[in-house]
Amino acid sequence: MSQLQGATIKNVRSSDGTAIYAEAVGNPRNPPVVLFHEVTFSSAVFDELMHDRRLADHLYLVRYDLRCHGRSGMAGGEDAHQSTRYADDFCAVLRAFGLQRPIVVAWGLGAATVADVCAVVTPNPIAALVFVAPLPFLGMEMPRLATERMLGVAQILRSTQDAVVAARAKTEFIHGVFAGSACRIPDAVKSSWLGQSIAQPPEVTRRVLSRQQDASKLLEAGRRGLPLMVLVGSQDALVNGAASIGELRRHYRNAETHVVEGGSHALFVDKKDEFVKLLLVFVGKLAVMTLMG
């Protein structure tokens, strides 16, 4: 996994002692944006975004490996996967980089970590959300938003501790991530992401996907006016974009949604230019709203 030239790199200690690997690029005086990656991968999936001058010139980008992913610590036991732990990791990263009220960009099941933060931290430390191909729920709501392909992979990974079986399921996961037009993404990228996924032990993946959480505060935040932008790809093989948009619009009164034509589950890669433009426009709108009070 690559380290960015000129990036600020920190190994942050969370409340239970777990090491959290984090990086930042850009000017700290710019609007802060924190990136949450999809499960089983690492924040290295955002390499191209962190290298993009359009973003680095206008934002302060911070990414970190969620606990038990990538370069962060592999905490064990059920207690390590309580919502409190994931929220504490987030707060530790905010303190380490001096961030206040960041915008959170969360991809896939990374959006479930936002639910952890909302459930635990008061007042809500997040200024706005950008959900990319989101699956913000780990519980009973997930089947309504995920495709059969995603549900099949998740079921295997929730139930197996066999490394070979898990590797096969993660390979299918990668195929789903890069379905449609994203099949043209270089094999080197796909291999790198698969390596990140397989590096996570099957038992850890099982715990990550099976943990319990309460999403009620996430939905309440939407009813209270937390700004949200939802981006889904028209060729996403893992998330039912229409269902995801519909569910979130029921609760978020200050929401905008975009279906990116031809976009895959990883639309920030195969439709990067469109993603960057949408993100910068959204951040600009938030700045105007803040100035207007």
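Trainee: Which residues line the largest cavity?

Mentor: In this predicted model, the lining of the largest cavity is made up of His37, Val39, Leu66, His69, Tyr86, Leu109, Gly110, Ala112, Thr113, Leu138, Val208 and Arg211. The volume of that cavity is about 70 Å³.

Trainee: How many nonpolar, polar and charged residues does that lining have?

Mentor: Seven are nonpolar, four are polar and one is charged. Arg counts as charged, and Arg211 is one of the lining residues. Gly counts as polar, and Gly110 belongs to the lining too.

Trainee: Which residues line the second largest cavity, and where does the largest share come from?

Mentor: Its lining consists of Val39, Thr40, Leu109, Met150, Val153, Ala154, Leu157, Phe173 and Leu209. Helix H6, residues 148-159, gives the largest share, with four residues. By class, eight of the lining residues are nonpolar, one is polar and none is charged.

Trainee: Let's turn to single residues. Why is Ser244 called buried?

Mentor: Compare its value with the cut-off. Buried means under 20% relative accessible area. Ser244 has 0% relative accessibility, so it counts as buried. You will find Ser244 in helix H11, which covers residues 241-251.

Trainee: What makes Ser244 and Pro134 a polar contact?

Mentor: Look at the distance. A polar atom of the Ser244 side chain lies 3.3 Å from the backbone oxygen of Pro134. The cut-off for a pair of N or O atoms is 3.5 Å, and one atom must be able to donate a hydrogen while the other accepts it. The 3.3 Å value is within that 3.5 Å limit. Not counting residues up to four places away in sequence, Ser244 touches Pro134, Leu145 and Val239.

Trainee: And Ser181: why is that residue called buried?

Mentor: The same cut-off of under 20% applies. Ser181 has a relative accessible area of 15%, so it is buried. Ser181 sits in the loop between helix H7 (163-177) and helix H8 (187-199).

Trainee: What separates the C-alpha atoms of Ser181 and Gln235?

Mentor: These two residues are 54 residues apart along the chain, and their C-alpha atoms are separated by 7.6 Å.

Trainee: Which residues is Ser181 in contact with, leaving aside its neighbours within four places in sequence?

Mentor: Ser181 is in contact with Gln235, Gly262, Asp270 and Lys271. Contact here means heavy atoms within 4.5 Å.

Terms used:
Residues numbered from 1 in each chain as written. Predicted model: local features only at pLDDT ≥ 70, side-chain atom pairs only at ≥ 80, totals over all residues. Heavy atoms only, no water. Helix = DSSP H or I, 4+ residues; strand = E, 2+ residues; numbered from the N terminus. Buried < 20%, exposed > 50% of the residue type's maximum accessible area, 1.4 Å probe, protein only. 1 Å grid on protein atoms, 1.4 Å probe; cavity = no way out; pocket = protein on both sides within 12 Å on 5 of 7 lines; lining within 4 Å. Points joined across faces, edges and corners; volume = space filled by probe spheres on them.
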